[in-house]
Amino acid sequence: MLLGILHETVPGETRVVLLPETLKTLLAQGISVTVESGAGIAAGATDQAYVEAGATVTSDRASILANADLLPMVNAPSAADQAQLKPHSILIGFLKPLDTPQALATAIGRPVTLFSMELVPRISRAQSMDALSSMATIAGYKAVISAADRLPRLFPMLMTAAGTIPPARVFVIGAGVAGLQAIATARRLGAVVEAYDVRAAAGEQVRSLGAKFLDVDLGGIATEGGGGYAAELTEEALDRGRDLITRTAAHSDVIVTTAQVPGRPAPRLIRRAAVEAMRPGSVLVDLAAPAGGNCELTQPGVTQNLGGVTLLAPLNLPAEVPVHASQLYARNNLNLLALIVKKGELTVDLTDEVLAGACVAHEFNPVNPRVAKLLQPATTST
Ligand code: NAD
């Protein structure tokens, strides 16, 4: 059985799916590993390191696509790559099946199996495969580091002979995986941190990190959807959050905003007035930019200077930390692969809750009902 590691082609991508030090368990099962030359360079893994780990390296991308039985990746391959996949092979990655299902149409129309990291169920048994959480952890950390780097102030309180410098004030909106890591990172740097989330359960976690949780009276409405995620709120409830955010923005040096509702555009929580209320030099990092952004002024992927306030809207912060992002992603992948490769043999057991949840398509069939529904109009109109 052959496992292929391709050079990622999405612009700005620096991660690689498996680092040399993570190949041992695969090779021990008799699986051969072929790496496209240069695949790991941006993540610090040379071709030589892969060879020393026991893999072969080639510049022939087409031969990897045509021969690999297993193709774990970071991002979805292009339609041209999908057309070359080996029949009955297995593709795994951040395939964005609910955001851009059409981009997977070629692979779905072929006798292959697709597993999406975004669809891995967030249940205890699958925690070690939860790549969304791994990448959110990195994004939360890096958001604070990026803000600290741009802020014309220091984060910690300093008492010096030249006077006392007050600590920076950081406001984190959305205390999920990324938000909690942002809070922890800002606290480690010495900032005073406040946080807001619609889920009351987040309050205890925020306080345990030494930050202040800002409560909003939402009139007792249900704020939790399934699986620990937030529910989509009414405009009236959103407005109460927006008012709190505008008030808090006025005394915040940094805002890191992460609020998302699965399968929906990111809630617009930060009004223009909130940005205008911030002092010149302040920094706002909108981690919800890939889903449209939490701020009404956000332009995904664009850094703006708005009256002296820097608004960052990064689309792929984990790619700015390629070594550890690849390391964590590789471990998530290996744990998922362990469900698929048993004693060196491929088994796609779709009665397994984790595999069934993560499966986008299997041998010509879109298995995931949400993906199938999204693809339906296009399928019937052709
Ligand atoms: P996410 O990225 O979907 O959302 C980020 C945060 O935004 C969430 O905390 C959400 O409550 C918040 N939010 C949404 N709408 C908001 C609004 N209008 N105003 C303010 N905040 C808003 O979430 P996530 O970080 O992926 O995970 C959320 C929760 O899911 C976690 O805190 C955890 O309880 C659960 N989770 C469970 C597992 C597991 O069991 N394996 C893994 C990861 C996460």
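Q: In this predicted model, what is the handedness of the crossing in which helix 6 passes helix 11?
A: The model is predicted. Helix 6 covers residues 131-150, and helix 11 covers residues 322-340. Where helix 6 passes helix 11, the crossing is right-handed.

Q: Is helix 6 roughly parallel or roughly antiparallel to helix 11?
A: The two helices pack at an angle of about 165°, and their axes are 9 Å apart. Angles over 145 degrees count as roughly antiparallel. Therefore helix 6 and helix 11 are roughly antiparallel.

Q: Which residues of helix 11 meet helix 6?
A: Helix 6 brings Ala 131, Ser 134, Met 135 and Ile 138 to this contact. On the side of helix 11 they meet His 324, Ala 325, Leu 328, Tyr 329 and Asn 332.

Q: Which residues of helix 7 make the contact with helix 6?
A: Helix 6 crosses helix 7 in the right-handed sense. From helix 6 come Ser 133, Ala 136, Thr 137, Gly 140, Tyr 141, Val 144 and Ile 145. From helix 7 come Val 177, Ala 178, Gln 181, Ala 182, Thr 185 and Ala 186.

Q: Is Asp 149 buried or exposed?
A: Asp 149 belongs to helix 6. Its relative accessibility is 66%, and the cut-off for exposed is over 50%. So Asp 149 counts as exposed.

Q: How many Å apart in space are Asp 149 and Gly 163?
A: In sequence, Asp 149 and Gly 163 are 14 residues apart. In space, from C-alpha to C-alpha, the distance is 22 Å.

Q: Is Thr 248 buried or exposed?
A: Thr 248 sits in helix 9 (residues 235-249). Leaving out residues up to four places away in sequence, Thr 248 touches Phe 171, Glu 194 and Leu 214. Its relative accessible area is 5%, and buried means under 20%. Thr 248 is therefore buried.

Q: Which strands stand at the edges of the open sheet of seven strands?
A: The strand order is 11-10-9-12-13-15-14, with mixed pairing. An edge strand here has a single partner strand, so one side is left without a neighbour in the sheet. The edges are strand 11 (212-213) and strand 14 (304-306).

Q: Which residue is the bridge partner of Ile 173 in strand 12?
A: Strand 9 (residues 169-173) pairs with strand 12 (residues 254-257) in the parallel sense, over four bridges. Ile 173 has as its bridge partner Thr 257.

Q: Which strands does helix 6 lie across?
A: Helix 6 runs at about 155° to strand 13 (283-286).

Q: Which residue of strand 3 is the bridge partner of Val 35?
A: Strand 2 (residues 32-36) has four of its five residues buried. It pairs in the parallel sense with strand 1 (residues 2-5) over four bridges, and there Ile 5 stands opposite Val 35. Strand 2 also pairs in the parallel sense with strand 3 (residues 56-58), over three bridges. In strand 3, the partner of Val 35 is Val 57.

Technical notes: Residues are numbered from 1 along each chain as its sequence is written. This is a predicted model: local features need pLDDT of at least 70, side-chain atom pairs count only at pLDDT 80 or more; totals for chains, interfaces and linings use all residues. Side-chain values use heavy atoms; hydrogens and water are left out. Buried means under 20% relative accessible area, exposed over 50%, partly exposed in between (1.4 Å probe, protein chains only). Two strands pair if DSSP finds at least two bridges between them. Axes are lines fitted to C-alpha atoms, for helices over the stretch in contact, and angles run from 0 to 180 degrees between N-to-C directions. A crossing is left-handed if the near helix is turned anticlockwise from the far one by less than a right angle, and right-handed if clockwise. Contact means heavy atoms within 4.5 Å. Angles under 35 degrees count as roughly parallel, over 145 as roughly antiparallel, 65 to 115 as roughly perpendicular and the rest as oblique.
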